[in-house]
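Hi,

Here is the structure I said I would pass on.

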Amino acid sequence: MRKRFMVLLLLVMVFAMITACSGGATPEAGTGDTETVTPNDQVGEGSGTEKEPETEEDLLPASTLDPNMSGEFTYWTFIDDKVESKNLQEAFNKVYPNIKMKTVYVPFGDLHDKLQTTLAAGKGAPDVALVEQGQFPRYSTTNVLVDLLEQPYDAGKYKDLVSEYNWNRWSSIDGTKLLGMPWDVTPAVTYYRADIFEELGLPSDPEELGEYIQDPENFFTLAQILKANGKYAMEWRDSPVHWYGDSLGYFDKDLNYVRNTDDFIQYLDISKRVNQLKIAPHDGILSDKGKQRVKKGESPMYVTGTYGARDLKLNFPEQKGKWRTTNMPFGLNLGQGGSTFVLPAQSQNKDAAWAFIEWATTTEEAWKVWVNQSIQPDWKNITGKDWYVSHTNEYLGGQEDQKFYTSLSEKIPVRRYTPLDGLAWPIWLDGVLKAIDKNIDSKTAIQQTAENVEKKLKADKEKLLKQMNP
């Protein structure tokens, strides 16, 4: 036995000496420590150290553009921020020092009207324009924008780095062309006064509240407690059915009307209940009366896009630390805004314009400028970065807001934006309000509204189908 023990001890000592001299330190199990590898270390086959697998945020395809290329381009934007514009241009020129960038601020409505006019005329458009999603259909069916899937742009290589929703909303209606470069994403969320909720005995933790209000019965219980204390749970009495509608759009890729399913009947019933219980003043919190309600604590719940915290801070700075954010109610996920960069076909400076579009949407340097405007990226190579994930918002009581927002983007359903949407909206709204005000059976109201849309937009739909299938 003694001899066997000595042999075993000798083997253990030899093994320990080999390990100590192997040239690599092995982290202790469960410590979470990893070996630090400097740029001069040789990592790979035969080095004795295995290369760690690439993480998702490291998978940004390399740009094929020459950083020494020269040129100039004109960029139209509706973001009126001279400091941001200066910072953006300086950051861009660090990568492309020989490209001259001319930024032109144009007010929101004027930009989209002017862009539509110049595109139709075939001259006068900028080389790059920032276009909001609701205005995008103006330009998406007449071949006035460059298809960014084509060479030399090859934007398809970036598809896996953005959500399916964000990629598809900037595509042509049939999905065969990419007419705008995916940029930001704006999931809808609920902002709420955590201090008021806690005072009333309601769930006040973001995760707990977010789960609680998925069930309509729980939401209405909460809303009635707020109402009993002189407070509102919503802004608009017809919101739920519009929220659901906004998640799916009006038409699919073949221009079939989509707002005529059993789920729309369910959400119209929920909207009717909101109206019956009088838990919404039917007025926005940023109206004059709405601001007074917020200041008095009478509107402690607000569903909007992820820019909401910026707007709350701007209008109610004295409420810093009292607000939090969580999921939308009723199991809904949808986008509430966003923009894209488009490249007009008439541009004479496409190389320089594409250099800016690619840089502005995909790079960390650009996003460190954009996030200061509460613009949320939908790029996995950015949203996985420590500086982004670990961000806390002091207005929201130190909540890790950006990490939460990112968790929602993949849940947003794909929808199509078409030139018929703006024409369908007043018909849809009229049908919803009549159903609520006259208590028309929801199934009947949804069916009648679908028939009205198809009848009134028949000629427009046929014209658009011919444009899509010449």
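The lining of the second largest pocket divides into eight nonpolar, eight polar and five charged residues. Before you go further, bear in mind that this is a predicted model. That pocket holds about 480 Å³ of space. Its lining is made of 21 residues, and V371, S374, H391, N393 and D401 are the ones that lie nearest the centre. If you want to find it by secondary structure, look at α11 (308–315), α15 (386–389) and α16 (401–409), each of which supplies at least two lining residues.

Now for the largest pocket, which comes out at about 840 Å³. Here 31 residues form the lining, and H242, D246, Y250, Q336 and W425 sit closest to the centre. At least two lining residues come from each of α8 (239–248), β5 (301–305) and α17 (421–437). Sorted by class, the lining has 13 nonpolar, twelve polar and six charged residues.

On to the salt bridges: the count for the model is 15.

- R237 and D437 pair up through their side chains, with 2.7 Å from N to O. R237 is in the loop between α7 (216–228) and α8, while D437 is in helix α17, so this bridge ties together parts that are 200 residues apart in sequence. R237 counts as buried because its relative accessible area is 15%, under the 20% cut-off. D437, with a relative accessible area of 49%, is partly exposed.

- D246 also turns up in a salt bridge, this time with R259, and the closest N and O atoms are 3.8 Å apart. D246 belongs to helix α8 and R259 to the loop between α8 and α9 (262–277), so the parts they tie together are 13 residues apart in sequence. At 30% relative accessibility D246 is partly exposed, whereas R259 is buried at 1%. Remember that D246 is also among the residues closest to the centre of the largest pocket.

- E454 and K461 make a salt bridge through their side chains, at 3.4 Å from N to O. E454 has a relative accessible area of 32% and is partly exposed. K461, at 16% relative accessibility, counts as buried.

How many cavities of 30 Å³ or more does a search of the whole structure find? The search gives one, and the volume of the largest cavity is about 50 Å³. Its lining consists of Y75, T77, I79, D81, E84, S85, L88, T103 and W370. Of the elements, α2 gives the most, with three residues. In terms of class, the cavity lining splits into four nonpolar, three polar and two charged residues.

Let me know what you make of it.

Cheers

Terms used
Residues are numbered from 1 along each chain as its sequence is written. This is a predicted model: local features need pLDDT of at least 70, side-chain atom pairs count only at pLDDT 80 or more; totals for chains, interfaces and linings use all residues. Side-chain values use heavy atoms; hydrogens and water are left out. On a 1 Å grid over the protein atoms alone, a cavity is a set of points where a 1.4 Å probe fits but cannot get out, and a pocket is an open set with protein on both sides within 12 Å along at least five of seven lines; lining residues have an atom within 4 Å of a point. Grid points are joined across faces, edges and corners, and a volume is the space filled by probe spheres set on the points. Helices (H or I, at least four residues) and strands (E, at least two) are DSSP runs, numbered from the N terminus. Ala, Val, Leu, Ile, Met, Phe, Trp, Tyr, Cys and Pro count as nonpolar, Asp, Glu, Lys and Arg as charged, and the others, Gly among them, as polar. A salt bridge is a side-chain nitrogen of Lys or Arg within 4 Å of a carboxyl oxygen of Asp or Glu. Buried means under 20% relative accessible area, exposed over 50%, partly exposed in between (1.4 Å probe, protein chains only).
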